Amino acid sequence: MKVLVINCGSSSLKYQVIDSDTEAVLAKGLCERIGIDGRLVYQKAGLDKEITEAAMPTHKEAIQMVLDALQNEKTGVIKSLKEIDAVGHRVVHGGEKFACSAKVDDEMIKALEECSGLAPLHNPANLIGIRVCQELMPGVPMVGCFDTAFHQTMPKKAYLYPIPIEYYEKYGIRKYGFHGTSHSFVSKETAKFLGMDLNHSKIIVCHLGNGASVSAVVNGKCVDTSMGLTPLAGLCMGTRSGDVDPSVVEFLGKKLNLDASGVLQILNKKSGVYGLSRGLSSDFRDLASAAADGNQDAKVALEVFAYRVVTTIGAYIAAMNGVDAIAFTAGIGENDKEIRKEIMSNFTYMGIQIDDEKNAVRGENVKISTDDSKVAVCVIPTNEELAICRDTVAILKG
Ligand code: ADP
């Protein structure tokens with residue numbers, strides 16, 4: 001099957017066409033600056049990227065341009081839209097309604113509208129992507145894959161916030177968790193790569209990108225994760241604060257004469273390693289080079305980031321009463337050997353040892369712990385698009 005994978009954000013859209021039989025990416029790219037001016041990046045496998053500046057007032061024009069590029073006589077990968085067998089959509093929030101990916105139908109769209117309050121920046125954009133694809137590709141089956149779904153197996157003791165229970169019952173306020181497609185994919189890949197039985201395994205996945213989260217996975221099922229009601233919770237991230245004392249919202253609001261939304265804007269966009277480094281950068285490459293040049297703020301920002309990952313891993317080892325494997329993934333997790341080494345240096349007490357040579361390998365599944373390490377530590381590149389493609393095919397084949 002040829003599957004079009006769509007990840008629709010508020011002003012951007014990432015896409016891939018994957019042949020599900022070979023799992024080869026036939027073409028991929030993104031639309032940027034939708035609603036502003038518009039830019040299409042298109043790349044057919046084996047060829048250079050093509051960049052086209054073109055007006056994209058709405059997601060409809062953007063998706064139409066993607067479909068046109070896919071059918072382009074010279075560089076396209078399909079002759080007509082009939083060759084697209086299915087579309088897999090990334091959806092950020094599925095609330096409690098979706099514990100796995102599901103076929104897009106009227107009921108799902110209604111449920112997504114109901115969940116939109118939980119992810120006001122993301123779900124409306126995801127819904128637009130679904131609707132536009134339905135309009136432009138009528139009759140093509142579509143599947144929604146939720147960032148929250150994998151975490152729906154968390155037990156109540158992990159997902160309930162200790163606040164009056166009626167707020168959970170009335171408003172659905174609880175921990176949901178995000179990056180679920182990645183945590184699911186990477187935990188499965190880790191077990192496969194290490195030759196472990198997923199059904200008898202305790203795995204910690206550290207998805208460390210601009211947004212970052214850790215999850216604890218027992219026998220293939222998530223039992224805890226660090227993000228919460230929204231992706232603001234948990235670790236220190238690129239620009240997000242992660243966990244802070246909730247009183248900070250009122251305290252800072254009074255100091256800066258801001259309402260709660262104003263403070264949350266700061267916690268979402270101006271905090272994390274960016275805020276700690278006085279706005280130097282949210283990119284770890286910049287911070288690492290500044291720290292190497294003696295910039296103390298950058299050094300501290302990286303230390304805070306690593307420390308939060310350490311304490312979260314430690315908490316999840318306790319939650320699972322042990323761990324068989326720890327996997328690093330996403331931009332920082334896959335590329336930053338220094339951070340991985342620093343994080344893991346706090347677990348020598350339990351017999352974890354990192355092999356520096358293996359830790360320097362990039363771009364592939366690799367076990368970075370020594371052969372006599374008590375726990376296997378790996379780098380497993382995530383592939384959310386492939387995970388969405390696999391889910392789409394599995395759901396449609398029933
Ligand atoms: P997201 O998908 O959440 O936007 P990514 O998973 O793409 O984020 O991760 C992006 C981050 O990965 C960048 O901000 C950068 O800090 C980090 N990163 C990418 N490449 C490297 C590298 N070679 N060394 C260190 N960090 C890197």
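A backbone N or O atom of N210 lies 3.1 Å from an oxygen atom of the ligand. The model is predicted, so local features need pLDDT of at least 70 and side-chain atom pairs count only at pLDDT 80 or more, while totals for chains, interfaces and linings use all residues. Residues are numbered from 1 along each chain as its sequence is written, and side-chain values use heavy atoms, with hydrogens and water left out.

A polar backbone atom of F284 is 2.7 Å from a ligand oxygen, and for I332 a backbone N or O atom is 3.4 Å from one. The protein covers 70% of the 580 Å² of accessible area that the ligand has on its own; such areas come from the Shrake-Rupley method with a 1.4 Å probe. Residues around the ligand include G209, N210, G211, D283 and R362, where a residue is near a molecule if one of its heavy atoms lies within 4 Å of it. The elements giving two or more residues to this shell are α10 (284-292) and α12 (330-335). Of the elements, α12 gives the most, with 4 residues. Helices are DSSP runs (H or I, at least four residues), numbered from the N terminus.

The structure also holds 5 aromatic pairs. Rings of Phe, Tyr and Trp (its six-membered ring) pair if their centres lie within 6.5 Å; planes under 30 degrees apart count as stacked, over 60 as edge-to-face and the rest as tilted. Y159 and Y168 form a tilted pair, 5.9 Å centre to centre with 50 degrees between the planes. Both Y159 and Y168 are buried, a label for under 20% relative accessible area, with exposed over 50% and partly exposed in between (1.4 Å probe, protein chains only).

Y167 and Y171 make a stacked pair, because their ring centres are 6.2 Å apart and their planes are at 15 degrees. These two tyrosines are 4 residues apart in helix α5 (residues 165-171), so about one helical turn separates them. Y167 is partly exposed at 35% relative accessible area, whereas Y171 counts as exposed at 52%.

R174 lies over the face of Y159, at 3.6 Å from the ring centre. The charged end of R174 also sits over the ring of Y176, 4.8 Å from its centre. The criterion for a charge over a ring is NZ of Lys or CZ of Arg within 6 Å of the ring centre and within 35 degrees of the ring normal.

Note on methods. Polar contact = N/O pair within 3.5 Å; in protein donor to acceptor, adjacent residues only side chain to side chain.
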